[in-house]
Structure formats: structure tokens, C-alpha cells
Amino acid sequence: MSKWAILSGIEGNLAAYEAVIADIKCQSHVDALYILGDLVGPRQETEQLVKRVFNPQPGELEPLICKGWWEEQCLILHGLGGSGEPIELIEKYGSETTKLLWECVSRPIAQWLRTLDFGFFELDCLLIHGTTVGVDEELTPDTPPIQMLDRLSRMQANNLFCGRSGLAFQYQLQAGSITTEVTTLDNPASPQTVQITPRQVIGVGNVGRTPGQATYTLYHPGTNQVEFKTVSYLAQPSKTISP
């Protein structure tokens, strides 16, 4: 039975990526590989990682990649994004990390990042870095159910896979109903009831953020089963940042 391997948050960590790819090769029936953003990051081996992803080895799947938060920051730095200044990046990580990201991602790579999709819709599944609201929106186990339902309903998805939080979690919404009323000055309230079918949001984990430990997700589309995988590896010393 087929499976999808879903990654996010590699953040330029080549050793972590190699460890996860090796683990995926040990799994049976994996026929799709998704990278949900944050492929690049402020690490010196980022360009080497991108070249590795470009050139899968024999027996490896070619990944489908969408934009993440770090990709968006790279586009802003290179004048290819919607904002003129990397204000969010500087406020969150400081000028040193901003400079490092500029040095680690060349303009040709930034031009390629510009071509990446915002997300993917396969079967009844939305695969995206943040949400349809933006790449910076984090969904977590503490997110209110009504917000989760809204993010799923925007694309009529039953399963939403996201990577922005870096957490591995399975958030299930059970069947039910929501009743709404609209009251105006001219007309009485007109209640409407919407039936809710079971849906779920899956945080797919983070490959490169935690030194020596990578997490990713396996999904069985035929049975709707989710597996979280943790892979240990020998972390390579690199000039990087602390989350």
C-alpha cells in the first residue's frame, strides 16, 4: 500500500536530510516525497543541500517542494519578494543571522525559490508550510478548533499537513455541526446549520532544527493513517542559529 513521506524544516541541514532520506529508503511502498518549505536556512551547507535535492541518487524519489518562511525571507533579501525590507527576519533573529542567510543563499538559488509552489492539493489533502492565510501562520495542538476548521474549509480539505510550527502532532476534528445567525436592522436572525465531517490537521515535524534528531511523517492515503518517524544522526558542526 502506497505511502507519502512528508518533510519540512530542513533549514539547510545536509546531514539531517541525508539521514531522513536513508530512513525513507528503508520504508516500504513510499511513492511520493514532499518538502513543505524551509528547505534553505542560515547554514553554510545550504547551497550544497539544494544541489543534493536537485540530484536524487538512484532509487530516490524526486521531491515536490513548496515555499516556506525561510524561502520567503530569502526572496525579500534578494529583492524578489513582496516586501522591501527583511523586517520580520531581523526582529526575530537579528542582523547577524540576516547576513548569514544572505551569504548562504546565492541569487541563482533565490531565483529558483521564486518558482516554488505555495502548496499542494492531492486527493483530499492540503500540503503547505503554514496555512492558506500565509507561510508564517503556525498551527499547533493549542490552536482553537474553529480556527483549524476554517483553515481546512478554505480549500475543502479533509487533511491539512503543515510544517511551520516544527512540531509533530495529529489534531482531529470529530463530526458535528455549527449553527450561525446573522442579525441585521431590517431582518430577523436567519440561523444556518453547517454539518462538519471528521477532518484532521497534521504537523509533520522538523528535519533540521534540532541537532542530531530529525522528525518527519509517513502518510497512508489509502487508510488515512499517520506515522511520525524520528531519526538520529551525527550532527555536523556548522555556523547556525538557535531557534
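Where does Glu 138 lie? Glu 138 is found in the loop between strand E5 (125–128) and helix H7 (145–153). Helices (H or I, at least four residues) and strands (E, at least two) are DSSP runs, numbered from the N terminus.

1. Basis of the note. This is a predicted model, in which local features need pLDDT of at least 70 and side-chain atom pairs count only at pLDDT 80 or more, while totals for chains, interfaces and linings use all residues. Residues are numbered from 1 along each chain as its sequence is written, and side-chain values use heavy atoms, with hydrogens and water left out.

2. Negative patch. Glu 138 has a relative accessible area of 39% and is partly exposed. The terms used here are buried for under 20% relative accessible area, exposed for over 50%, and partly exposed in between (1.4 Å probe, protein chains only). On the surface, Glu 72, Glu 88, Glu 91, Asp 136 and Glu 138 gather in a patch of negative charge. Patches are made of residues with over 30% relative accessible area and no salt bridge, with like charges joined within 9 Å and nonpolar side chains (Val, Leu, Ile, Met, Phe, Trp, Tyr) within 5 Å. Asp and Glu count as negative and Lys and Arg as positive, while His and the chain ends are not counted.

3. The whole structure has 10 salt bridges, each being a side-chain nitrogen of Lys or Arg within 4 Å of a carboxyl oxygen of Asp or Glu. One of them pairs Glu 18 with Arg 52, with the closest N and O atoms 2.8 Å apart. Glu 18 lies in helix H1 (residues 14–25) and Arg 52 in helix H2 (residues 46–54), so this pair ties together parts that are 34 residues apart in sequence. Glu 18 is partly exposed at 30% relative accessibility, and Arg 52 is buried at 11%. Glu 18, Lys 25, Arg 52 and Glu 60 are linked in a network of salt bridges.

4. Arg 151 and Glu 137 meet through their side chains in a salt bridge of 2.8 Å, N to O. Arg 151 belongs to helix H7 and Glu 137 to the loop between E5 and H7, so the pair joins parts 14 residues apart in sequence. Arg 151 counts as buried, at 12% relative accessibility, and Glu 137 counts as buried at 13%.

5. Salt bridge within a helix. Lys 99 and Glu 103 form a salt bridge in which the closest N and O atoms are 2.4 Å apart. The two residues are 4 apart in helix H5 (residues 95–104), a separation of about one helical turn. Lys 99 is exposed at 53% relative accessibility, whereas Glu 103 is partly exposed at 47%.

6. Cysteines. The count of disulfides is 0, where a disulfide is a pair of cysteine sulfur atoms within 2.5 Å. For Cys 74, the nearest cysteine sulfur is that of Cys 104, 9.1 Å away, which is too far for a bond. Cys 74 is buried at 1% relative accessibility, and Cys 104 is buried with a relative accessible area of 6%.

7. Positive phi. Leu 123, a residue other than glycine, has a positive phi near 55 degrees. Leu 123 sits in the loop between strand E4 (119–122) and E5 and is exposed, with a relative accessible area of 63%. Gln 156 has a positive phi near 55 degrees. Gln 156 is placed in the loop between H7 and strand E6 (159–162) and counts as exposed at 57% relative accessibility.

Notes: Accessible areas come from the Shrake-Rupley method with a 1.4 Å probe; for residues, only the protein chains shown count as cover. The place of a charge is taken as NZ of Lys, CZ of Arg, CG of Asp or CD of Glu.
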